[in-house]
Amino acid sequence: MLPNTFSNPLWFTNDELLELKGTTLLRATELQKKKLQSLYEDKVKSLVKKLLILDGDSESEVSFEDFLWANSVFWSRALNIPLPHAYVFPQSQEGQDCGTSSLNDTSDEKIEFINVKDEKRAASTTLPIQGETVWVEGLVPGIDFCNHGLKPAATWEVDRTGSIAGVPYSMYLLAAESNSGTEKEISISYGNKGNEELLYLYGFVMDDNPDDYLMVHYPVEAFQSAPFFDTKAQLIEAQKGEMRCLLPKSLLAHGFFQVNTQQKERDDKITAGQVCNYSWSGQRKIPSYVNKLVFPDDFLTVLRTIAMTEDQLFQVSSLLQELVANGEERQPSDTEVRAAIWEVCGDSGALQLLVDLLNTKMMDLEEGTGSEDADDELLNNAQVKKMPESCIRVQNDSLELMSRNKRGSIVYRRGQKQLVRLFLMEAESALHLSLSEGN
């Protein structure tokens, strides 16, 4: 039986949304709901009305709440399925626009998630297929009822040739343990997802999630008002830098404090990029902290560029002109531009900006919801009520009845505050060393 309501933020009450104040997820939820409302008014409402009339029903109407329910039914249960290109785009469609759109997309202001290779995707049990494979979100009856588990009881796989199930491209569950009891819940892995993504897509969180992460970005508006914006923007583009970055909790195991994240070894390549440390003049020494720096260089090189002074811009320009003056006519590579900027600027300016960004993020998180310790106290003194729509706050008792939605929000935002605190410690330590070493 399909649920009547959901626990993702699109279904939160106004009071429950306040629990997300200061988080990336609140902004993403507001954008997504606005986009879905627009889609409903512009396309869905009239289309469904025509279909109802064709079916002989001219009086019924589909409300936005009905559309929101259908959208949540699909996206909370969808699996990423590999299919041959010909299955998805038949021969009759060749030459036509095969572009697809996702109701779960929030355009250029979408929430950022870590791109891991097993995002609710199936394994393949046979040889690779001939031709192009297209990954398509879809519902698979039976498998879509499975919950997520860090240690799943089963995996779901695609029988491409039909050698196992008898039907090509059929899907089935494969038990992880041969002695699984009949009373044990069959869970699968949705992928290595942090609580931000789990709450946004599926409406649940995991305590002490080893896959949690923090998103940090430099505000575009602030950059556009910075001195020498046009020149710096060109340098950032030449370096292929990123204005935002995702910081997985797993990075903390390799930093100054080597926090135990209980993260299992995975082949997802989530690592911090090696800091640029090539000195053209030999005057700038490789930092002592180079192997402890957990922040991606794609982001640090952007911060170095933004922090540059007019004199530093001139020095970088001179280095790059010298590089191409005696050689063939060409543009400096992204690696060469990064090296020139690091030679001139070092790391201290970028790390100071990073410390400022993390401090600002912590202030935003704590502004309306208090400290990490306050969240701990709320969770320790709460009992989750089974009926989230009718929760009652008990004023004169040490035990507070709390909705599942509220508890999920607190667990998520507490995790964000914890990550900000830990990454801020890393950034401050790197900044201290960079200043003392002249970097």
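**Exercise 1.** Does Leu-54 count as buried or exposed?

*Solution.* The model is a predicted one. Start with the location: Leu-54 lies in helix α2, residues 24-54. Next, take the cut-off, which is over 50% relative accessible area for exposed. Leu-54 has 73% relative accessibility, so Leu-54 counts as exposed.

**Exercise 2.** Work out how α7 and α8 are oriented to each other.

*Solution.* Helix α7 covers residues 229-239 and helix α8 covers residues 297-306. Their axes are 10 Å apart, and the packing angle is about 160°. Angles over 145 degrees count as roughly antiparallel. The two helices α7 and α8 are therefore roughly antiparallel. The crossing of α7 past α8 is right-handed.

**Exercise 3.** Describe the backbone and the setting of Asp-208 and of Lys-240.

*Solution.* Most residues other than glycine have a negative phi. Asp-208, not a glycine, has a positive phi of about 50°. Asp-208 sits in the loop between α5 and β8 (213-217), and is exposed, with a relative accessible area of 62%. Lys-240, also not a glycine, has a positive phi of about 60°. Lys-240 is placed in the loop between α7 and β9 (244-248). With a relative accessible area of 58%, Lys-240 is exposed.

Key: Residues are numbered from 1 along each chain as its sequence is written. This is a predicted model: local features need pLDDT of at least 70, side-chain atom pairs count only at pLDDT 80 or more; totals for chains, interfaces and linings use all residues. Side-chain values use heavy atoms; hydrogens and water are left out. Helices (H or I, at least four residues) and strands (E, at least two) are DSSP runs, numbered from the N terminus. Buried means under 20% relative accessible area, exposed over 50%, partly exposed in between (1.4 Å probe, protein chains only). Axes are lines fitted to C-alpha atoms, for helices over the stretch in contact, and angles run from 0 to 180 degrees between N-to-C directions. Angles under 35 degrees count as roughly parallel, over 145 as roughly antiparallel, 65 to 115 as roughly perpendicular and the rest as oblique. A crossing is left-handed if the near helix is turned anticlockwise from the far one by less than a right angle, and right-handed if clockwise.
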